[in-house]
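Dear colleague,

Please find below the structure that I am handing over to you, together with its sequence. My notes on it come directly after.

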Amino acid sequence: MEENIPAAEPEDEQTLVSPAVKLIEQEEEVFQHVNNPVANLKPIVKKYLGSPGRVQQRGSQFFFSDGDATVEATVVSDEIIRIRMAPHSVFLEDFSYAVPKIDHKASVFRMEEDEQEYRISTNTVNCHINKTDFTISFSDIQNHVTSRDAVPMHWEENVQFGGYYVFGTKVCQPQEAFYGLGDKPTDLNLRGKRLTNWNTDAYSFGWNQDPIYRSIPFYISLNEGIAHGIFFDNTFKTHFDFGAEDRGKTSFWADGGELQYYYIHGPHMMDVVKRYHLLTGTHPMPPLWAFGYHQCRWSYYPESKVHKVAKGFREHKIPCDGIYLDIDYMDGYRCFTWNRKYFPDPKKMIKELAADGFKTVVIIDPGIRVDDNYSVFKEGKEKKYFCRRSDDYFMEGHVWPGRCQFPDFTNPEVRTWWGGLFDELVQLGVAGVWNDMNEPAVFGTGTFPDDVRHQYDGYRGSHRKAHNVYGMQMVRATYEGLRKLMKNKRPFTITRAGYSGVQRFTSVWTGDNVASWDHLRLGNVQCQRLSMSGIPFCGTDIGGFSGEPDGELFTRWIQMGTFSPFMRAHSAGDTKEREPWSFGEPFTAINRKFIELRYKLIPYLYSTFWEHHRYGFPILRPVIMQEQEQLLNQARQDEFTYGDKILVCPVMEPGQQSRHVYLPAGNWYYYWDNEKIAGGREVPVATPLETIPLFIKAGSVIPEYPVMQYVGEKAIEEVRLNVYYSDTEANSFFFEDYGETFAYEQDIYSEKKFVVNGKDTLLTIQQSMEGLYTPRYENYHFCIAGLPFAPAKVMADGKQVTEFVVTEQKCLEFKFSKNFKQIEVIAGESEVQLAK
Ligand code: MIG
């Protein structure tokens, strides 16, 4: 399984091009005989790299050796360099679940050396390998050092399992801040923390609990306004220390596997996230309905109850698209079966729900009940698809169905089988699948023991290596299966566990949170962090999974959830029923108002998602990402933008009547009354229960759909364009397509770009278009806010628009064709005079 790389030979000091692959000669073998006194055993010590004696090149890869260990540096792109280290020069086979394929995109790179160092340079980055101590550092083309090893890479032999504990240690700068690492329930800035990645079912987790559900070994460093990223692609238990043990050091290490990391250049945090997505992929476009509101509970049953909840939405005129069936829909919790007592005719029920605009999402767990009368178990057993212990016993554990065995999702054949098991559910009309318990979770013991074996796509490993990817491979199997079964339709999936790259297959929720104000705050930070960590489609259990929210907390949570990329309310089985109307007035009306707002903004969210899919931008962006040079922003974690145009600050304290909100530099409009406010400062904002602070960036064009009770309820007759005046040029994008197929991969979509530019007496809006899709509606309904003059004349593509009004909110409103190229809003004569 190992791949050998060229060995260091003392006489060979020069750079070789494309050397033959040779085996390493060990200098001396130390044999320990059983009758040797234990005292003679060499103590286990950390070994550090020596000095790199020589370098060899193979294409875009460079190998440096100290005579024993070898370090590989690969130029992945102009901005990304990968480092790998092999003690004794034996690299593991190059395989990664996170990075499906590396496209070598660097056009130009070179290798130079002087007395002090070897230097690999692209057009953007230099990677320096120190000739004395083998420390590695990175700098930009201005020779500004962004990252530097504090000590050389090192390792420690693992006697019990073989392989090594591997360590990297970088200098931690006095003002350096750290972001990323997935769903860690702690402050946004990770400075001063030590954290571990080991997927864990963390029921009712709390602030600073670690680890929880996901493993995303990727962080962004920000120092003196310059950002870079480190993606430590290692699936074993990994650890990160951001100046906790030693204020001057940032370390990352793993319990096994390879010391392998990608240095990702900035300088903007946004660039780092984008480039991380270049490696690990982006989220495919979800079906449009998935951006609506979802209602979940453990569990809605029997069938009559499901219908009652669905009807409740329509009766209360509260929009909803997704309704969930938790574990009780199954027969004795056996996956892919139905409890016929509760659900005698699932096909009929799902059809009726669909007729009323509801998509049915069902839960699935990895534990398969040991039961020879159960076809899924029987087949899995016959085909040897279940995980086994080191001595060949089956991995057995108790979960909801009782005694269970677990498919090895790291086996491609098992994934295909699992994917196919959804056939019947798809036939019944199920629209989405919720993947739970896939850390994997086992009652009592927590998870699998370390010795469980995994096929690992042919690269073999124990559970130590496969644990953190198990859940990702489960949801991958689900997603890929659904994609095949649904023909060209986009599947909807959600998962609890995950590893880097999981975003290629699924949305996520933050797991079993609690109905408390503390958890509302935590959910806000977690969603921002997930967004920065390459997981864009995320949300919390609105209302809190365990415990009882009161009306106020639930409403504040709905308000925040309106601006979560994924919006779902969920609650545990032992809590009171919790739908958006459960708390009476005034809560029901406010919940309705916000869920309606969610639906109005769907085209904006969808356009933002397209930008994510295509370019790798996150949906939620903490203010530090907008203005990373502002030191104070490092401490701000309440406000964020939703896309790049809408600034949101959820209200996260009971009884709060007002709060301060930071607005990044530039002009903003208060969403609720279009008042213009200058940013670059904190502003006081009233926060009565009916509103939360919402601001729109000047120059934005925000498309709005009419409120519907579910996505696609009615044909869209016109799209409202909310335009916000700006005296500097600003761009906005508007993406549309059929919303449920993969036709966008063949350019069947419409992407419109708006350019807004204002003068003292004139506002122009230009539109250009790309793509092959034509929406059915004819007109835009323009609504222009913030004009600094009284509009006298509106010109559209050279024609005068005679019908326009100025509303009470001082918005200029008129209609014009969706195909317009240029709109001009012109001030009256007197104002033109004045401006001159
Ligand atoms: O052991 O399916 O996080 O959302 O409702 C609990 C029942 C299993 C945990 C999930 C939760 C879900 C619950 N599940």
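This is a predicted model: local features need pLDDT of at least 70, side-chain atom pairs count only at pLDDT 80 or more; totals for chains, interfaces and linings use all residues.

Ligand site

The ligand is surrounded by 13 residues. The closest of these are Asp326, Asp436, Arg496, Asp512 and His570. By class, the shell around the ligand consists of eight nonpolar, one polar and four charged residues.

In aspartate 512, a polar side-chain atom lies 2.5 Å from an oxygen atom of the ligand. For histidine 570, the distance from an N or O atom of the side chain to a ligand oxygen atom is 2.8 Å. The side chain of tryptophan 400 likewise has an N or O atom 2.9 Å from an oxygen atom of the ligand. The ligand on its own exposes 360 Å², and the protein buries 95% of that area.

Helix H9 covers residues 551–561 and helix H10 covers residues 587–600. Their axes come within 9 Å and cross at roughly 10 degrees. Angles under 35 degrees count as roughly parallel, and H9 and H10 are therefore roughly parallel to each other. On the H9 side, the contact is made by Gly551, Glu552, Phe554, Thr555, Ile558, Gln559 and Gly561. These meet Phe587, Ile590, Asn591, Phe594, Ile595 and Arg598 in H10. The contact of H9 with H10 comprises six nonpolar, five polar and two charged residues.

H10 also packs against helix H11 (residues 602–615), at an angle of about 50 degrees and with the axes 4 Å apart. H10 and H11 are therefore oblique to each other. Here Arg598, Tyr599 and Lys600 of H10 meet Ile602, Pro603 and Leu605 of H11. This contact has four nonpolar and two charged residues, with no polar ones.

Helices H2 and H3

Helix H2 (residues 303–316) packs with helix H3 (residues 346–355) at an angle of about 5 degrees, and their axes are 11 Å apart. That angle makes H2 roughly parallel to H3. The residues in contact are Glu303, Val306, His307 and Ala310 from H2, and Met349, Glu352 and Leu353 from H3. They divide into four nonpolar, one polar and two charged.

With kind regards

Note on methods:
Residues are numbered from 1 along each chain as its sequence is written. Side-chain values use heavy atoms; hydrogens and water are left out. Axes are lines fitted to C-alpha atoms, for helices over the stretch in contact, and angles run from 0 to 180 degrees between N-to-C directions. Helices (H or I, at least four residues) and strands (E, at least two) are DSSP runs, numbered from the N terminus. Angles under 35 degrees count as roughly parallel, over 145 as roughly antiparallel, 65 to 115 as roughly perpendicular and the rest as oblique. Contact means heavy atoms within 4.5 Å. Ala, Val, Leu, Ile, Met, Phe, Trp, Tyr, Cys and Pro count as nonpolar, Asp, Glu, Lys and Arg as charged, and the others, Gly among them, as polar. A residue is near a molecule or strand if one of its heavy atoms lies within 4 Å of it. A polar contact is a pair of N or O atoms within 3.5 Å; within protein, one must be able to donate a hydrogen and the other to accept it, and residues adjacent in sequence count only if both atoms are side-chain atoms. Accessible areas come from the Shrake-Rupley method with a 1.4 Å probe; for residues, only the protein chains shown count as cover.
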